[in-house]
Amino acid sequence: MNNPIIILDFDGTIADTQSLIIRTMQQTIEHLGLPQRTNGECAAMIGLPLKETFTRLIPMDDETGDRCVDTYAEFFNQNNQPGTVPLFPDVKETLEGLHRNGATLTIATSRHRASLMAFLNEMNMESLISYIVCGNDVNHPKPAPDMVEKTLEALGTSKENVFVVGDAVYDIGMGRNAGVRTVGVTYGNGKRNELEEAGADHLIDGFAELAAIVENFSRPISSL
């Protein structure tokens, strides 16, 4: 069996960006004079491409959606100061262990590449990640399977022993649509019942639990 390939979401799975994103979304909504939405309603959109987070959240025309994207980017650059976004507990240690044991670690995120790379650089995580797919790298965003398929094509591997790990139903949907195993994390932006209903193969309450799941499914049958 091939070494495991782990396709990771970023926001709400690796890093706790929720407060930064919600704050920036609310500033954007207020600045543009759009109908108010609760923090919970904003959080439910995290994981979608940026424009879609607003067009799903509030009925609007295409031009207003573009204005939301531009305004959000301005506020985000102001709000995103060094140290604003922390890793979730045990993320780096767990990924380092999986990497040492032969796992290939990748990221599939709706976030733009520039901001993702800035975060990974600040967190000293770049050396762990072998491949990255961002929202504008594919024709169809999550929950379409495109990001998984692009990753596997780039790595030259099959769907065997592949895990999609994410906190949102969009992540689980992407993995299921691609025909690979899915792991939902319950500490991020999604809710446990939503991840269950989306069909996650596994649910974990802390990132360190991922190591055991990967090990169990990666171990040859003769050694079980």
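Entry 1: terms and model. I call a residue buried when its relative accessible area is under 20%, exposed when it is over 50%, and partly exposed in between. I also note that I am working with a predicted model.

Entry 2: the whole protein. I looked up the secondary structure and found 10 helices and 6 strands in the protein. The radius of gyration is 17 Å, close to the 17 Å that the globule rule gives for 224 residues, so the protein is as compact as a globular protein of that length. Along the principal axes, the C-alpha atoms fill a box of roughly 60 × 35 × 30 Å. I then looked up burial, and 48% of the 224 residues are buried. The accessible surface comes to about 10400 Å², and carbon and sulfur atoms account for 46% of that area. For contacts between residues at least 6 apart in sequence, I recorded that 63% join residues at least 24 apart.

Entry 3: helix 3. Which residues of helix 3 are buried? In this helix, residues 50-57, I found T53, F54 and L57 to be buried. They lie on the same side of helix 3, because they cover an arc of only 90 degrees around the axis. I next asked what covers these buried residues. The cover includes helix 1 (18-31), helix 2 (39-43) and helix 4 (62-79).

Entry 4: T53. Why does T53 count as buried? Its relative accessible area is 6%, and the cut-off for buried is under 20%. Leaving aside neighbours within four places in sequence, I found T53 in contact with M25, M45 and L48. I also looked at the side chain of T53, where a polar atom lies 2.5 Å from the backbone oxygen of L50.

Entry 5: P49. I located P49 in the loop between helix 2 and helix 3. Which residues does P49 touch, not counting those up to four places away in sequence? I found S110 and P141. I also looked up P49 and H112, which are 63 residues apart in sequence. In space, the C-alpha atoms of P49 and H112 are 8.9 Å apart.

- D90 is not a glycine, yet its phi is positive, near 70 degrees. I found D90 in the loop between helix 4 and helix 5 (91-100). Its relative accessibility is 42%, so D90 counts as partly exposed.
- N124 is not a glycine either, and its phi is positive at about 55 degrees. I found N124 in the loop between helix 6 (113-122) and strand 3. Is N124 buried or exposed? At 54% relative accessibility, N124 counts as exposed, because the cut-off for exposed is over 50%.
- K142 and P143 are joined by a cis peptide bond, with omega about 10 degrees. I placed P143 in the loop between strand 3 (129-134) and helix 7 (146-155).

Methods:
Residues numbered from 1 in each chain as written. Predicted model: local features only at pLDDT ≥ 70, side-chain atom pairs only at ≥ 80, totals over all residues. Heavy atoms only, no water. Buried < 20%, exposed > 50% of the residue type's maximum accessible area, 1.4 Å probe, protein only. Helix = DSSP H or I, 4+ residues; strand = E, 2+ residues; numbered from the N terminus. Arc of directions from axis to C-beta. Contact = heavy atoms within 4.5 Å. Polar contact = N/O pair within 3.5 Å; in protein donor to acceptor, adjacent residues only side chain to side chain. Rg over C-alpha atoms; globule rule 2.2 N^0.38 Å. Areas by Shrake-Rupley, 256 points an atom, 1.4 Å probe, with all protein chains shown as cover.
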